[in-house]
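Please examine the structure before reading the solutions.

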Amino acid sequence: MTVSAPDMLVGASSDFLKRFSPFDRMEAEALDFLAQRAVLGFHARGSEILTPEMGLPRHFHIIQRGKVQARQTAAGESASINLGPGECFPIGAISAQRPSTNAYVALEDSFVFQIGADDFLELMRISPVFHLFCTQYIASLLSQSRQQLQNTFAQRAAEQQTMTTPLGDLIKQAPVWVSPDTTTRAALEKMAESRIGCMVVCDETDQPLGILTQSDLLPRVVLPAFDLARPIEEVMTRDPRTLPASASAYDAALDMATHGVRHLLVVDGEGKLAGVVSERDLFSLQRISLRQVRASIEGATDIEALQRAATDIRQLALNLIAQGIGAEQLTRFISALNDALTHRIIALALERHDLYGVDYAWLAFGSEGRHEQTLSTDQDNGLIFVCPELVEKEPLKLRLLEFARDVNDDLAACGFPLCKGNIMASNPELCLTPEEWRHRFGKWISEPDPQALLNASIFFDFRVLYGNQRLGDQLRAWLNKTAKANSAFRRMMAVNALQVAPPLGRLRDFVVEDDGAIDLKKSGARLFVDAARIFALHTGVGASGTVQRLRQSAMKMGFPQDEVAAIVDGFHFIQLLRLRAQHLDTEHDAPGDNKVNPDALNELDRRILKEAFRQARKLQSRLRLDYQL
Amino acid sequence: MNWLNRFRAPRQDAAPAPAIGELLRRWDALPAPDLGRPHFDTRYVVINTEASGLDLEHDRLLAVAAIAVDGGLINPRESYYARLEPDPAAALAGLLEFAGKAPLVVFGAGFNRSILQRAWQQWLGVEPELSWLDLFWLMPAVFRPGLDGPTRLAQWMKIFDIETFQRHHALGDAWSIAQLFIALQGRATAQGAGSPRALAELERARRQFTTPA
């Protein structure tokens, strides 16, 4: 008798395990370790094996036979995956030593191996194969999460763009109408006042009787010199085309094409006027392409056209998320389009302001300077100009300020709110010559009080958006040289950056604010941005974007590549969550406030968010190390 | 187990009768198990035998195997297997040592229990008093498969899709029986039979119900 009973049974377990990945590739010793410790249990159909309420998972499970359902419940939505023989759970929760966010329930009578949590961690330690398996599993959650995000938006985008949208949903404003005895003049005045393309005429029960559109005016009113004092019913088109609110956009398009009209009246169940749908409303349903938006920006000749383009940019951002574009590309697209928009606004303003021969540049600060604009970014801009000898500075500056005020107002009209802190080019304090800028920056560096540090965190992320690029480059070169030479300043910046810690809890996953939410900007993105700025100033990296700064300075500082990649991923994930929150918010017409409630996130997002914050912590400990804080 | 290995290693030389006597005394001194405790708090021992045939009169016991089911879990390291040759006393004493006074679980007590008790009597001179549970009766009592439902071990294994590394091997079949037993525990608990005593009562009722008086 050479083989003992335990050997035989352990052998049976390892033979079983070897039929499945990753155990088939596992090192012999590690597999033996696992098989030695795997005890077999039974879970009757319907019984809960592991739930979030059970607290820290004490066992790692491998299904031997049967079926186990992993149920995920987040924000009222639930999803489930069925696990079969050879599959294991929970990987993330037990690795992170926190309660599972899934509930695992036996879907059939199931035999399930289990090992203790300590043995699981030991197995991770002794088996590179198993470690890789678990790590990849957790990493795969990231792409799953992105996938999920895309699905959500694809659905939303599809809903928005579909021609099956009911007309009732397309009506943008309450109908404007007049009674049949209204004078034509009064009706036209009302039309102009409401900036609408047609006027509907209704009887006293709101039933539409007729319509008068802009294109009717020339042949029926202007050319025949129609007496505007006469009632509108004499010129209107009688029995206008109507469709019920439940009809689709497709029906409307068909009707317009068939009858050659540009406006349709939408009526409710009782035949009362509910609104007007125009041909343009239907066109806007169709997918907006990047090229179209770009072209419409560049072809815009007035602010109204640019306002429409600004709306399209938001719409486009939604589409891009649906198409699966990551946060990095997405923010760059938004940034590029916003740049184009700003360019156009400046170009239009230059038609009214003669700056010929003036050497200047329009600067973008803050997130715009970093190419990291999200959808609810207010303006942060300034001007740098050269005052030639023999030219009086004040009159030149006044001209620039007038021009800047126009641009600031136009930007505000296009959805970039005026900066509450007045960080705008029209502020005389921010319309400066290179010497003045250097003086200001130099003062912050030599006297880094809290306000100076705050200023540095906004203004040092400048870039040239319009005008002479060299003015920006020279200022950047000077700034890097000065900051590099002043380690006390960088140290103060590091102290400042370390004031906010990643919201990771000791007991709970996240430390939340009073409202139960995490501010993704203040305690998320900012941690990355601040650290990257200090690294960039230290290593003399010229880029203003956080990711570029991290990548370029990491190379100089000898950071391992994969560590940097993980940090960048973490930053992108937080940015993606911010964009998503803003999207969801803008759709509800509330301002994006960067807040996310971790309880409302799904399992995957929460797990990845936690990992992202860990990356921020890593960055901070690097700062601590560098500046001995 | 460790103790047993030490005990079995030197046995080539002479029969360690004193050691077996000591082992039996210790076994005797063990407290009787509390049969009213819930399954998760009870250590059961699944026992299986391998014989030269199924005829109690003529066939010999060849090997014994046991697997503990403690708290509803099967731990492969908590198992025992021994062939009777060359030292039947050591093999049988080792089984007793492994089982302690835990309630025993077998499939087909009629044969297993009889052949084991005869062997204990023959080689050790003892008739240990133990509580026995028979899955032959308990499986249908708990899973209620209907009149022409499964009766044989192979049939139950098929229903539960249970595999083993070696059929008709004492330990190989014990491994299957142990798996049947943990499934049974799960279901029986849901039906209110949550302790060894409750299982024993269920078995008795089943025997009375199906065996003609």
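**Exercise 1.** Identify the residues with the most contacts inside the largest nonpolar core.

*Solution.* A nonpolar core is a set of buried Ala, Val, Leu, Ile, Met, Phe, Trp, Tyr and Cys residues joined through C-beta atoms within 7 Å; a residue is buried if 20 or more other C-beta atoms, placed from the backbone, lie within 10 Å of its own. The largest such core holds 104 residues, and Val46(B), Ala66(B), Val105(B) and Phe181(B) have the most contacts within it. Its largest share, 12 residues, is supplied by helix H7 (residues 170-190) of chain B, helices being DSSP runs of H or I with at least four residues, numbered from the N terminus. A second, separate core of 93 residues includes Trp362(A) and Leu623(A).

The model is predicted: local features need pLDDT of at least 70, side-chain atom pairs count only at pLDDT 80 or more, and totals for chains, interfaces and linings use all residues. Residues are numbered from 1 along each chain as its sequence is written, while chains are lettered from A and ligands numbered from 1 in the order in which they are written.

**Exercise 2.** Determine how many residues of H7(B) are buried.

*Solution.* Of the 21 residues in H7(B), 18 are buried, so the helix is mostly covered. After H7(B) comes Gly192(B), with a positive phi near 100°.

**Exercise 3.** Describe the side of chain B that touches chain A.

*Solution.* Contact requires C-beta atoms, placed from the backbone, within 7 Å. On this basis, 22 residues of chain B contact 19 residues of chain A. By class, the chain B side has 12 nonpolar, six polar and four charged residues.

Note on methods. Buried ≥ 20, exposed ≤ 12 C-beta atoms within 10 Å, placed from the backbone. Helix = DSSP H or I, 4+ residues; strand = E, 2+ residues; numbered from the N terminus. Contact = placed C-beta atoms within 7 Å. Nonpolar A, V, L, I, M, F, W, Y, C, P; charged D, E, K, R; others polar.
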